[in-house]
Amino acid sequence: MRMKFLAVLFFGVALLTAATASARESTINCHCFKDRSYDPEQPHKVTDYLLATTHNSFFAQAFALNKADVVRARMGGIAGEDLWLVHYLSEKSGIHTRELMDTRADKGFWSVVVRELSLPANALGAQVQAIAQQGGDDAALAAAVADETASRLLAVEAAELKSLRDSGAGTQQILLAIFLSRQTGRPAGDIYAEVQAQKITWGEVLASTGLSPAQIEPEIVKLMQ
């Protein structure tokens with residue numbers, strides 16, 4: 001199991017750090033999502049793509065990565081939780097992602113890795129530090145990292161992020177709700193609640209802004225500048 005875990009993780013690192021230009025082009029044109037355009041007759045069909053592209057666009061910008069490489073890593077089987085944690089901890093510690101992934105494979109949980117890094121108290125966000133000290137699982141730790149990153153780079157209040165989490169939103173949904181909130185001027189929580197209640201779809205909210213799915217990435221870049 002350990003060797004399989006290492007093989008998958010190292011494959012993901014290679015995708016993130018050594019992809020060629022032709023590979024990037026291939027990724028961009030891949031058909032992972034059949035529906036990448038908004039269809040007013042079937043507005044729900046673009047949902048998965050909107051969630052994924054918003055998440056991947058934000059993640060790539062947050063950690064100065066090429067979005068195509070992030071997509072390829074996810075297609076290669078790397079869990080979103082591992083991507084969030086390895087890049088966050090690499091940024092905070094200066095340790096290469098390969099070494100951190102190897103340590104994660106040895107220790108079994110990212111919370112153990114965090115504790116053994118012995119970083120300065122102010123190096124990590126309070127919530128990230130607290131979850132790691134409590135021995136929280138990878139999912140909880142990755143969620144805290146994503147929330148800290150969104151709060152810092154998109155100027156989102158921690159209380160708003162907590163409210164979204166408490167409502168059942170995952171990281172992809174949170175990022176899309178925040179993005180659409182910035183485009184519409186409406187609270188992210190209200191948008192999420194309406195989508196969950198099936199009063200509206202993510203695609204319909206996006207369409208109301210006049211933006212197409214293809215414009216999400218450049219708009220996220222603008223928000224983060």
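Predicted model: local features only at pLDDT ≥ 70, side-chain atom pairs only at ≥ 80, totals over all residues.
Just after helix H8, Gly135 adopts a positive phi of about 75°. Within H8, the buried residues are Val128, Ile131 and Ala132. These residues span an arc of only 100° around the axis, which places them on the same side of H8.

Is Glu148 buried or exposed? With a relative accessible area of 17%, Glu148 is buried, because the cut-off for that label is under 20%. The side chain of Glu148 reaches the backbone nitrogen of Gly125 at a distance of 3.0 Å. Neighbours within four places in sequence aside, Glu148 is in contact with Tyr88, Lys92, Leu124, Gly125 and Val128.

Stepping back to the whole chain, the secondary structure consists of 14 helices and zero strands. Read from the N terminus, the order of elements is therefore α-α-α-α-α-α-α-α-α-α-α-α-α-α. The chain has 225 residues, and 47% of them are buried. Contacts can also be sorted by how far apart the partners lie in sequence. Of the contacts between residues at least 6 apart, 64% join residues at least 24 apart. The accessible surface of the chain amounts to about 11,100 Å², and carbon and sulfur atoms account for 51% of that surface.

Charged side chains come next. Side chains of opposite charge can pair when their charged atoms come close. How many salt bridges does the chain contain? The count is eight. One of them joins Arg165 and Asp147, with a distance of 3.0 Å from N to O. Arg165 belongs to helix H10 (residues 158-166) and Asp147 to helix H9 (residues 138-154), so this pair ties together parts that are 18 residues apart in sequence. Arg165 counts as partly exposed, at 21% relative accessibility, while Asp147 counts as buried, at 16%.

Another salt bridge links Lys162 with Asp166, whose closest N and O atoms are 2.7 Å apart. Both residues of this pair, Lys162 and Asp166, lie in helix H10, where they are four residues apart, about one turn of the helix. Lys162 and Asp166 are both exposed. The side chains of Glu194 and Arg186 also meet in a salt bridge, at 2.8 Å from N to O. Glu194 is partly exposed at 25% relative accessibility, and Arg186 is likewise partly exposed, with a relative accessible area of 30%.

The search of the whole structure finds four aromatic pairs. Phe59 and Phe63 make up a tilted pair, at 5.0 Å centre to centre and with 50° between the planes. Phe59 and Phe63 are both buried. Phe63 also pairs with Trp84, this time edge-to-face, at 5.9 Å centre to centre and with 80° between the planes. Phe63 lies in the loop between H3 and H4, whereas Trp84 lies in helix H5, so the pair ties together parts that are 21 residues apart in sequence. Trp84, like Phe63, is buried. Together, Phe58, Phe59, Phe63 and Trp84 form one aromatic cluster.

Most residues other than glycine have a negative phi, and most peptide bonds are trans. Which loop holds Ala64? Ala64 is found in the loop between helix H3 (47-62) and helix H4 (67-75). The phi of Ala64 is positive, near 55°, in a residue other than glycine. Ala64 is exposed, with a relative accessible area of 72%. Ser118 provides another example, with a positive phi near 50° in a residue other than glycine. Ser118 sits in the loop between helix H7 (110-117) and helix H8 (126-133), and at 61% relative accessibility Ser118 counts as exposed.

Notes: Residues numbered from 1 in each chain as written. Heavy atoms only, no water. Helix = DSSP H or I, 4+ residues; strand = E, 2+ residues; numbered from the N terminus. Buried < 20%, exposed > 50% of the residue type's maximum accessible area, 1.4 Å probe, protein only. Contact = heavy atoms within 4.5 Å. Areas by Shrake-Rupley, 256 points an atom, 1.4 Å probe, with all protein chains shown as cover. Salt bridge = Lys/Arg side-chain N within 4 Å of Asp/Glu carboxyl O. Arc of directions from axis to C-beta. Polar contact = N/O pair within 3.5 Å; in protein donor to acceptor, adjacent residues only side chain to side chain. Phe/Tyr/Trp six-rings, centres within 6.5 Å; stacked < 30°, edge-to-face > 60°.
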